[in-house]
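Welcome! Please take a moment to look over the sequence and the structure below before reading on.

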Amino acid sequence: MSRIQSVKARRVWDSRGKPTVEVEIVLDNGCLGRAIAPAGASRGSREALDLRDGGASLRGVDVSRAVANVNGPIAATLKGLDVRDQQAADNAILELDPSPLKEVMGGNAVVATSLAVLHAAAIDAGKPLWRHVSDYYGQQPSLPLPEIQIFGGGAHAGRRVDIQDFMIMVPGASSFDEVMEITSEVYFAAGDIMASRGKTAGLADEGGWWPVFDSNEEALETLVLAIEKAGEKPGERVVISLDVAASEFGKNGSYRLALEDREMSSEALIDMLGRWLDAYPIVSIEDPIGEDDPEAMVEFTRRFGDRVQIIGDDYLVTSARLVEEAANTGACNAVLIKVNQIGTVSEAVETFKAAKSAGWGTIVSARSGETEDVSISHLSVGLGAGQLKVGSFQRSERMAKWNECLRIQDELGSDAFVGDAPLAKTWWAS
Ligand code: PGA
Ligand code: ZN
């Protein structure tokens, strides 16, 4: 048995230049596990809260209190525990902070610690992280189908357009490597189109092109054009995926598309998205409805759930309870898994399992504030989650995750790529 000897946190910096928490766990045999907390910008109101210092310095977002919580109470409670018992370690952390939003210890302190335990256990077992996850949770490993952003938007691009992510998926590829290749062609074709229209304006937070468009739909039209310019037929090997992130522009069943100066009811939003689903090869849509509008989410799922993947992100905040509730009421048919939305690895895996028992799709996801930490690549492979959402195809905090999957592909074999399996039910062209 290998025991946790020390737990140490330090302040490091994320892809937006904001402070975040890194945790290192050393075992009595010298093995070391390390992880860094990511940070969201378009956050669900029910997700775990990052503990930030407030005040004037560093615009109030410093993390010295979260770091102190790891170095103090969390370290004291984890010392001496068997690192292989992830559940016991996570339970010990949760006993220190039973608050629903982890506001006592801080979601950032909790997630970095829990992931560091997982890393330390993998090192101790002499296994790559994905293999440890697969063995510990009894899941068949596979290489995920990526969702890759071409245009950013919403809270990640100064709200230049209302819709947050315009992404592609390449379910028709024969390997993970081929997904990367085709994505590169589409990504730079989109860049060329923007440049030829005099609309080059840099990158959004997750590396997608900054969206200089006159309407939200123009982004979709341009994306289709980019897929064609890359030599692909939209709806065949390459399809579209959207993250509407509707909670960001809707409250109490009323939605405001600022770019188009349009106020919409839930029904009007559902109709508009329905038109897009008819007109464009969209196979997956995330948070089409706001987190506080469950009846509309049920209605959206009733109307379109048989032909499109409907992912709850802010709507479900990686909560097993909310997934079960949504499955019972008929809202959504897939869940985004972001460990830092719920807090610990154990809770995130519980949510993953709840989604699987409901027959749902599962998508392991990064946040818009990321780092060189590549834990999510391993989680998606080790759980056999089926899909991975990391952001776009530039910026090293994004590319690090895709590149890690390529390394894993070498270990696991390219046959382990799931391709269109997770979307088989919702294949647009069929
Ligand atoms: P966030 O957004 O990390 O800024 O919350 C990502 C998403 O909505 O999927
Ligand atoms: Zn989202």
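From which domains does the shell around ligand 1 draw at least three residues each? Keep that question in mind as we go; note too that this is a predicted model.

## Two domains

Let's start with the overall layout. The protein is divided into domain 1, covering 4-126, and domain 2, covering 145-424. Taken over C-alpha atoms, the centres of domain 1 and domain 2 are 27 Å apart. The two domains also meet: 30 residues of domain 1 are in contact with 31 residues of domain 2.

## Around the ligand

Now for the opening question. The shell around ligand 1 takes at least three residues from domain 1 (4-126) and at least three from domain 2 (145-424). In total, 14 residues surround ligand 1, and the closest are A41, H156, R367, S368 and K389.

## Polar neighbours and burial

For D313, a polar side-chain atom lies 3.0 Å from an oxygen atom of the ligand. In the side chain of E286, an N or O atom is 3.2 Å from a ligand 1 oxygen, and for K338 the corresponding distance is 3.3 Å. Taken alone, ligand 1 exposes 280 Å², and the protein buries 100% of that.

Where does ligand 1 sit? You will find ligand 1 in the second largest cavity.

Definitions and conventions:
Residues are numbered from 1 along each chain as its sequence is written. Chains are lettered from A and ligands numbered from 1 in the order in which they are written. This is a predicted model: local features need pLDDT of at least 70, side-chain atom pairs count only at pLDDT 80 or more; totals for chains, interfaces and linings use all residues. Side-chain values use heavy atoms; hydrogens and water are left out. A residue is near a molecule or strand if one of its heavy atoms lies within 4 Å of it. A polar contact is a pair of N or O atoms within 3.5 Å; within protein, one must be able to donate a hydrogen and the other to accept it, and residues adjacent in sequence count only if both atoms are side-chain atoms. Accessible areas come from the Shrake-Rupley method with a 1.4 Å probe; for residues, only the protein chains shown count as cover. On a 1 Å grid over the protein atoms alone, a cavity is a set of points where a 1.4 Å probe fits but cannot get out, and a pocket is an open set with protein on both sides within 12 Å along at least five of seven lines; lining residues have an atom within 4 Å of a point. A molecule sits in a cavity or pocket if more than half of its atoms lie within 2 Å of its grid points. Domain bounds come from an automatic or database domain assignment. Contact means heavy atoms within 4.5 Å.
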